[in-house]
Amino acid sequence: CEDTRRTRILLNVLKIKNKLISFNKLNSRVKTTFIINELKKGQTIALVSDAGMPLISDPGEYLVKEALVNNLEVICSPGPCAALTALVSSGIDSSKFQFIGFIPKKNVERETYLKMIAKCKTTTIVYESPKRINLFLKDLGKYCKKTRIIHVAKELTKRHEKHWRGSLENIYK
């Protein structure tokens, strides 16, 4: 799980007593080797996300790829997915969309992604850190029309869920 303290709360509610292992972007490569070895020994392991759907812009993707390379069975029990939850609640066309995940921080790569978003004729879903959302909207404004309708959502499926919908210019303000 990403944060053993958060997952422990869930397990306590469900009266489940299992060993928890921290698994996040900082330790996923090292922990994957250990987990694969445990699976090969016949252990059953669950990857639990703190929020949203595991493996969507998440280090768990590497774990699943390695499990499959090792001919280990992977079963998904889907939970809420922030990308689709935001899309459905946005009111923006959901018949066709592209998912980008997190936008690169480096200028050249970032510019490539911003141009791709601006040219895209379908809805685009992007993940961004709350600390960088203002910069992202400012940068997006350099490539997209100020009247473009956008939807920003945070804390989806949680207690402090919040949504903003309107023109790029108004949401930025």
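**Core, pocket and salt bridges in a predicted model**

Colleague: Leaving aside its neighbours within four places in sequence, which residues is I103 in contact with?

Modeller: In this predicted model, I103 is one of the residues of the largest nonpolar core. Once its neighbours within four places in sequence are left aside, the residues in contact with I103 are R110, Y113, I117, V126, Y127, E128 and F136.

Colleague: Which element gives the largest share of the largest nonpolar core?

Modeller: The core has twelve residues, namely I100, I103, L114, I117, F136, L137, L140, C144, I150, V152, L168 and I171. Two or more of these residues come from each of α5 (107–119), α6 (133–141), β3 (149–154) and α7 (168–172). The largest share of this core amounts to three residues, and the element that gives it is α6.

Colleague: Which residues are joined with R110 into one network of salt bridges?

Modeller: Within helix α5, K115 and E111 lie four residues apart, about one turn of the helix, and they form a salt bridge whose closest N and O atoms are 3.0 Å apart. K115 is partly exposed at a relative accessible area of 37%, and E111 is also partly exposed, at 33%. Elsewhere, salt bridges that share partners form one network, in which R110 is joined with D139 and K142.

Colleague: Is E38, the salt-bridge partner of K41, buried or exposed?

Modeller: The structure holds eight salt bridges, among them the one between K41 and E38, with the closest N and O atoms 3.2 Å apart. K41 counts as exposed because its relative accessibility is 63%, and the cut-off for exposed is over 50%. For E38 the relative accessibility is 17%, and since buried means under 20%, E38 counts as buried.

Colleague: How far apart are the closest N and O atoms in the salt bridge between K65 and E61?

Modeller: Both residues lie in helix α3, where four residues, about one turn of the helix, separate K65 from E61. K65 counts as partly exposed at 48% relative accessibility, and E61 is partly exposed with a relative accessible area of 38%. They form a salt bridge in which the distance between the closest N and O atoms is 3.6 Å.

Colleague: Which helix gives the most to the lining of the second largest pocket?

Modeller: The second largest pocket holds about 1,100 Å³ of space, and of the 33 residues that line it, the closest to its centre are A46, L47, V48, S49 and P54. At least two residues of the lining are supplied by each of α1 (4–13), α2 (28–40) and α3 (60–69). With four residues, the helix that gives the most to this lining is α1.

Colleague: How many charged residues are in the lining of the second largest pocket?

Modeller: Sorted by class, the lining of this pocket has 21 nonpolar residues and eight polar ones. The number of charged residues in the lining is four.

Colleague: How many charged residues does the lining of the largest cavity have?

Modeller: A search of the whole structure finds one cavity of 30 Å³ or more, and about 40 Å³ of space lies in the largest cavity. The residues that line the largest cavity are E2, F23, L47, V48, S49, P54 and D58. By class, this lining has four nonpolar residues and one polar residue, and the number of charged residues is two.

How values were computed: Residues numbered from 1 in each chain as written. Predicted model: local features only at pLDDT ≥ 70, side-chain atom pairs only at ≥ 80, totals over all residues. Heavy atoms only, no water. Core = buried A, V, L, I, M, F, W, Y, C linked by side-chain atoms within 4.5 Å. Buried < 20%, exposed > 50% of the residue type's maximum accessible area, 1.4 Å probe, protein only. Contact = heavy atoms within 4.5 Å. 1 Å grid on protein atoms, 1.4 Å probe; cavity = no way out; pocket = protein on both sides within 12 Å on 5 of 7 lines; lining within 4 Å. Points joined across faces, edges and corners; volume = space filled by probe spheres on them. Nonpolar A, V, L, I, M, F, W, Y, C, P; charged D, E, K, R; others polar. Salt bridge = Lys/Arg side-chain N within 4 Å of Asp/Glu carboxyl O.
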